[in-house]
Amino acid sequence: MIDIGYDAAHLLGALVLMTSFALLYQRRLFSLLNVFTVQALALSGAAAWQAYAHDEPHLYITALLTLTLKAIAIPVALHRIIQRLHIERTVEPALGIGLTMVAGVSLVTLSILLVLPVTENATALTREDLALSLSVVLLGLLMMISRRNAVSQVVGFMSIENGLILAAVGVAGMPLVVEMSIAFSVMVAFIIFGIFLFQIRERFETLDMRKIESFRGESD
Amino acid sequence: MTPALPIVLIAPLVMAALLALVPNWRLASWLNVGACAVTFAASLALFTAKPAATAMLVLDAFNVALIALTAFVGLTTAVFSAGYIGHEVASGTLNPLRLRFYHAMFQAFLFTLLLALSANNLGVLWVAIEGATLTTVLMVSLYRTAASIEAAWKYFILCGVGIALALFGTILIYLAAQPVMGPGLAAMTWTRLLADAARIEPNILNLAFVFLLIGYGTKVGLAPLHAWLPDAHAEGPTPISAVLSGLLLNVALYAVLRFKMLLAANGAALAPGPLLMVMGLSSLLLAALMLYRRRDIKRFFAYSSIEHMGIIAFAFGIGGPLANFAGLLHMAMHSLAKSAIFFAVGHAVQASGTQRIDGIRGLTVSHPALGWGLLAGVVAIAGLPPFGVFMSEFLLITSTFARQPWLGVLLVLGIAVAFGALVLRVQRLCFGAPTGGAPIHGTLLPLYAHLAVVLVAGVWLPAPLVAWFQAVAALLG
């Protein structure tokens, strides 16, 4: 029997995970943002599908928020910031790409081994969604560690957030998902636009965290 | 629900919006004090009221005293802050626009802390702690210096990841509770979860607790997740250092303890105690050793906060009535003593114009009231009698030796090493030829008010207070 609801949700979840891997090996900031946009689109689709399939209309709000903020507003704004501030368009990852991918695959294995045994009583969809989203969270962490550039760290942080929203959407009937996704978005928006990119630029003429980190409080 | 609890929450929220609109910083700083006074008065009224829990808010024996403590430290810090920013404006480091932002964020920060303490819902708790992170990140970067932006960035990255992991843990708790309690708000409500804890699937609960411990533990500053804490303390304005150490760390620990209660009530889940003990002891030992290498005075006391949060986490990890009692007492005493020290440090740094420990000498000669106050604060935090920290540490050490003698040795070792560093530094800070002679701004009242409470608690704890501490200690299991 073909269960279209299950298959579609699974496909969209897997797409989010795939884009997480794609984020790991991007060298150019613009293509990083493009891949992130695809991830946000896939997440928005997953949320909308869940809202439709399980008849939970509040998830449409989550889908719409993800679509407008993460697939449109934030990538556009980051594009502009990169152009206007003449930020270096290519980033050298701190770890080699081969090594990063191996680490990524092991993180996915880890999350599957971690989640599947403890959630035997939950439905198949919830279990797999949870394993997928934990993988996305861990890959986001890996990306934040392997890139020392402020823009890629923010993109890494937002992909962690995408993984969390995927998890929250996948668990049937979870309340407050909308409020939590709003709280997260507000935080990211404030941090990115209010403070850091402009201030860091103003002070350091660079967005490379390696250079910034030499300004240690106790370097003297 | 009694009117006092809404007032405690609404007063700071409304004032945050209002203070963003007040252009006169002097007026704003006193409005800030006024708002904190209202919040504190309302929080005292909570002790007499016994409101029933609602779906969003709860008031029980555990959080009511922490709410009052938070409101009290908020009030004294606001008084200290009024004098502190007077000096910052006079020396031209802060302009009126940034001060508007600062005062609004101060109230918003207190709101998020009070909301986190009174939340009956895991989602609300998470949103509140996330809000506290956001407001403090913005305040740490207030000076816009290279070092402060680096500190705020590090803080955002580490604690952002921390709260992300905590959210994953929260989702897992819901996943575990939902089959038992059905979908909807009930499966995210403390009081309902605690009542039905025994029926919840223990395996998911274990996994959830690991995420929550790492997530909220980052905000407690437990090793090895403490890297943000010294930078954030050193580079932000000193009133913010005082509330970070005095309040935020406690609130994050409160969140961890709530989940620990849930695991304890379940019975079949893993024992959270050993995890807390390991993290607590490693924080204590690491921070105690790191104290010797610090040259920046605010960084120095930030490491001391890590050390004390380690002691407190260890106390709750050991568990049992006596150690829990010691942990609760230590939470309150550390909060008061450490914020008092930061008040004194703020004045001392302004008087001498440097944060380097080498640059501050002979405070008891140049500013006797301040110098002796700082000395008393350091004596208190080092755990010497007659102050309250001595009592809580003494209780903890005796109960540890009775149950885990080897861990007791490590505990005493950590405390002794930290004690040595404190004595070494405070001698130079307080005695010898003075370096800075500039007059200090503002009143020393907050400093001495805190020290008085810590002193009284060390000499005589009123019987109702002891009874209350014992009741909560029993609640914690």
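How are α13(B) and α18(B) oriented to each other, roughly parallel or roughly antiparallel? In this predicted model, in which local features need pLDDT of at least 70, side-chain atom pairs count only at pLDDT 80 or more and totals for chains, interfaces and linings use all residues, side-chain values rest on heavy atoms, with hydrogens and water left out. Residues are numbered from 1 along each chain as its sequence is written, while chains are lettered from A and ligands numbered from 1 in the order in which they are written.

Helix α13 (residues 320-352) of chain B packs against helix α18 (residues 445-459) of chain B at an angle of about 150°, their axes being 9 Å apart; helices here are DSSP runs (H or I, at least four residues) numbered from the N terminus, and axes are lines fitted to C-alpha atoms over the stretch in contact, with angles running from 0 to 180 degrees between N-to-C directions. The two helices are therefore roughly antiparallel to each other, a term applied to angles over 145 degrees. The contact (heavy atoms within 4.5 Å) involves, among others, B:Met333, B:Leu336 and B:Phe343 of α13(B) and B:Leu447, B:His450 and B:Val454 of α18(B).

Over all chains, the structure holds 18 aromatic pairs, counted where ring centres of Phe, Tyr or Trp (its six-membered ring) lie within 6.5 Å. Among them, B:Phe168 and B:Phe211 form a tilted pair, 5.0 Å centre to centre with 55° between the planes, where planes under 30 degrees apart count as stacked, over 60 as edge-to-face and the rest as tilted. Because B:Phe168 lies in helix α6 (residues 146-181) of chain B and B:Phe211 in helix α8 (residues 202-220) of chain B, the pair ties together parts that are 43 residues apart in sequence.

In chain A, just after α2(A), A:Asp55 takes a positive phi of about 55°.

Conventions
Parallel < 35°, antiparallel > 145°, perpendicular 65-115°, else oblique.
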